[in-house]
Amino acid sequence: MKDVAEFLSMHPETVRTIARSGDFPNAYKTNGRTSPVRIPWADVEAYRAKQPRANR
């Protein structure tokens, strides 16, 4: 989760919220209810590609 947050320049809790909302369709928990969520890198790249780019 921390790597995804850094890549997207977001707080880890924001990434968790996005994952819960379904924007990472292939995200999954590894074990049980309190386990960390795993987000496939393809989902992260697809999410980033859909985001509007800032004018630089």
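**Group meeting: a ring, a helix and a pocket**

Let's start with a charge over a ring. Arginine 48 sits over the face of phenylalanine 7, at 4.5 Å from the ring centre. Keep in mind that this is a predicted model.

The structure holds two aromatic pairs. Here is one of them. The ring centres of phenylalanine 7 and tryptophan 41 are 4.9 Å apart, and the planes are at 55°, so this pair counts as tilted. The cut-offs matter here: stacked is under 30 degrees, edge-to-face is over 60, and the rest are tilted. The pair links distant parts of the chain. Phenylalanine 7 is in helix H1, tryptophan 41 is in helix H3, and 34 residues separate them.

Now the whole chain. There are three helices and two strands. Along the sequence the pattern reads α-α-β-β-α. The C-alpha atoms fill a box of roughly 45 × 20 × 15 Å along the principal axes. Of the 56 residues in the chain, 21% are buried. Take the contacts between residues at least 6 apart in sequence: 31% of those join residues at least 24 apart.

On to helix H2, residues 12-21. Which of its residues are buried? Val15, Ile18 and Ala19. They sit on the same side of H2, because they cover an arc of only 100° around the axis. An α-helix has 3.6 residues a turn, so residues three or four places apart point the same way. Back to H2. The face turned away from the buried side carries the exposed residues Arg20 and Ser21. And what covers the buried residues of H2? The cover includes helix H1 (2-8) and helix H3 (41-50).

Look at valine 15, which lies in H2. Valine 15 counts as buried because its relative accessibility is 0%, and the cut-off for buried is under 20%. Set aside neighbours within four places in sequence. Valine 15 is then in contact with Met1, Val4, Ala5, Met10, Phe24 and Ile39. What about arginine 48, from my opening? Valine 15 and arginine 48 are 33 residues apart in sequence and 12 Å apart in space, C-alpha to C-alpha.

Serine 9 is in the loop between H1 and H2. Serine 9 has a positive phi of about 55°, although it is not a glycine. In general, most residues other than glycine have a negative phi. Is serine 9 buried or exposed? Exposed, because its relative accessibility is 68%. The other spot comes just after H2, where glycine 22 takes a positive phi of about 100°.

Which elements give two or more residues to its lining? H2 and strand S1 (28-29). H2 gives the most, with three residues. The lining residues include Arg16, Ala19 and Arg20, along with Tyr28 and Lys29. Met1, Ala27, Ser35, Pro36 and Val37 also line this pocket. Ala19 is one of the buried residues of H2, Arg20 is exposed, and both line the pocket. Met1 lines the pocket and is in contact with valine 15.

That's my tour.

Conventions. Residues numbered from 1 in each chain as written. Predicted model: local features only at pLDDT ≥ 70, side-chain atom pairs only at ≥ 80, totals over all residues. Heavy atoms only, no water. Buried < 20%, exposed > 50% of the residue type's maximum accessible area, 1.4 Å probe, protein only. Helix = DSSP H or I, 4+ residues; strand = E, 2+ residues; numbered from the N terminus. Arc of directions from axis to C-beta. Contact = heavy atoms within 4.5 Å. Phe/Tyr/Trp six-rings, centres within 6.5 Å; stacked < 30°, edge-to-face > 60°. Lys NZ or Arg CZ within 6 Å of the ring centre and 35° of its normal. 1 Å grid on protein atoms, 1.4 Å probe; cavity = no way out; pocket = protein on both sides within 12 Å on 5 of 7 lines; lining within 4 Å.
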